[in-house]
Amino acid sequence: KTKDESFIKKAYTEAANTLELIPQHYIGFYHFGMIYQMLNEYFKTNTIDDAIYYYKKAIDSDPFQLPFYSNIASVYIKKQELDKAIEALKQAYLIYPRDYKDIGRLSTIYLQKGDTERALVYLNKTLEFNPQEAGYYNNYGAILNRKGLYEESINAFKKALELNPKDTTYLDNITKTYITMGKDEEIIPYYKKLIELDSSN
């Protein structure tokens with residue numbers, strides 16, 4: 001996980017050694033995938049398609065490894081190939097249905113695509129497995145908001161705020177929802193808190 005390119009070059013050599021010793025070994029392919037992904041993310045190299053190629057080779061060699069699907073999904077998300085990311089994350093979900101991070105990403109992608117029903121299904125699963133993550137409640141509030149369920153949306157944003165009281169995003173979402181509802185008096189304490197946390201805005 002270093003950002004030192006010399007270490008990444010060493011990792012490249014070791015991955016090549018792995019495949020020389022055991023051709024078609026899924027770990028060698030997986031490591032190449034990670035190396036090319038990191039080179040793209042940290043050093044802006046044009047290696048994102050190389051990462052996909054090697055992750056696919058790793059999946060072909062062993063289709064039952066959760067990280068292979070999680071990582072290729074990350075690359076697809078970066079390329080804005082959301083349908084491919086969804087398919088990869090669904091495979092990850094089939095392998096390990098309790099991995100709330102991948103389930104949460106599925107929910108987020110469906111929300112991006114405007115599919116609130118599917119987003120809600122996966123978000124409920126995420127909250128079931130990890131009820132202490134404020135961001136998931138915020139997403140839940142956003143979905144409810146889109147569906148016009150403003151009171152329920154406010155409750156979700158308040159739960160996010162309870163878990164992370166200093167995040168201005170959650171406060172801002174509460175104020176915007178109260179504005180939509182026309183509840184001006186309810187907004188005041190939340191604006192005071194926003195000013196307290198960010199007096200320059």
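The following legends describe close-up views of a predicted model. Local features are drawn from residues with pLDDT of at least 70, and side-chain atom pairs count only at pLDDT 80 or more, whereas totals for chains, interfaces and linings use all residues. Residues are numbered from 1 along each chain as its sequence is written, and side-chain values use heavy atoms, with hydrogens and water left out.

**View 1. Packing of helices α2 and α3.** Helices are DSSP runs of H or I with at least four residues, strands are runs of E with at least two, and both are numbered from the N terminus. The axes of α2 and α3 lie 7 Å apart, at an angle of about 160 degrees. This makes α2 roughly antiparallel to α3. Axes are lines fitted to C-alpha atoms, for helices over the stretch in contact, and angles run from 0 to 180 degrees between N-to-C directions. Angles under 35 degrees count as roughly parallel, over 145 as roughly antiparallel, 65 to 115 as roughly perpendicular and the rest as oblique. The crossing of α2 past α3 is left-handed (the near helix is turned anticlockwise from the far one by less than a right angle; clockwise would be right-handed). On the α2 side, Y26, F29, Y30, F32, G33, M34, Y36, Q37 and N40 take part, meeting I48, D50, A51, Y54, Y55, K57, A58 and S61 of α3; contact means heavy atoms within 4.5 Å. Sorted by class, this contact holds 11 nonpolar, 4 polar and 2 charged residues. Here Ala, Val, Leu, Ile, Met, Phe, Trp, Tyr, Cys and Pro count as nonpolar, Asp, Glu, Lys and Arg as charged, and the others, Gly among them, as polar.

**View 2. Helix α3 and its buried residues.** The 14 residues of α3 reach 20 Å from the first C-alpha to the last, close to the 20 Å expected at 1.5 Å a residue; the expected span is 1.5 Å times one less than the number of residues. I48, A51, I52, Y54, Y55, A58 and I59 are the buried residues of α3. Buried means under 20% relative accessible area, exposed over 50%, and partly exposed in between, with a 1.4 Å probe and protein chains only. The cover over these buried residues includes α2 and α4.

**View 3. The loop between α2 (26-43) and α3 (48-61).** K44 is located in this loop and is exposed, at 67% relative accessibility. Its phi is near 55 degrees, a positive value in a residue other than glycine. T47 is also found in the loop between α2 and α3, but T47 is buried, with a relative accessible area of 10%. Apart from neighbours within four places in sequence, T47 contacts Y36, L39 and N40.

**View 4. Q80 in the loop between α4 (66-78) and α5 (82-95).** Although Q80 is not a glycine, it has a positive phi of about 65 degrees. Most residues other than glycine have a negative phi. Q80 is exposed, its relative accessible area being 52%.

**View 5. H25 in the loop between α1 (5-21) and α2.** H25 is partly exposed, at 23% relative accessibility. With residues up to four places away in sequence not counted, H25 touches T18 and L19. H25 and K57 are 32 residues apart in sequence, and their C-alpha atoms are 9.2 Å apart in space.

**View 6. Packing of helix α7 (residues 116-129) with helix α8 (residues 134-146).** The two axes come within 10 Å and cross at roughly 150 degrees; α7 and α8 are therefore roughly antiparallel to each other. Their crossing is left-handed. T116, A119, L120, L123, N124, T126 and L127 of α7 meet Y136, Y137, N139, Y140, I143 and R146 of α8. The contact comprises 8 nonpolar, 4 polar and 1 charged residues.

**View 7. I187 in helix α11 (residues 184-197).** I187 is buried, at 5% relative accessibility. Not counting residues up to four places away in sequence, I187 touches T175, Y178 and I179. I187 and A58 are 129 residues apart in sequence and 52 Å apart in space, C-alpha to C-alpha.
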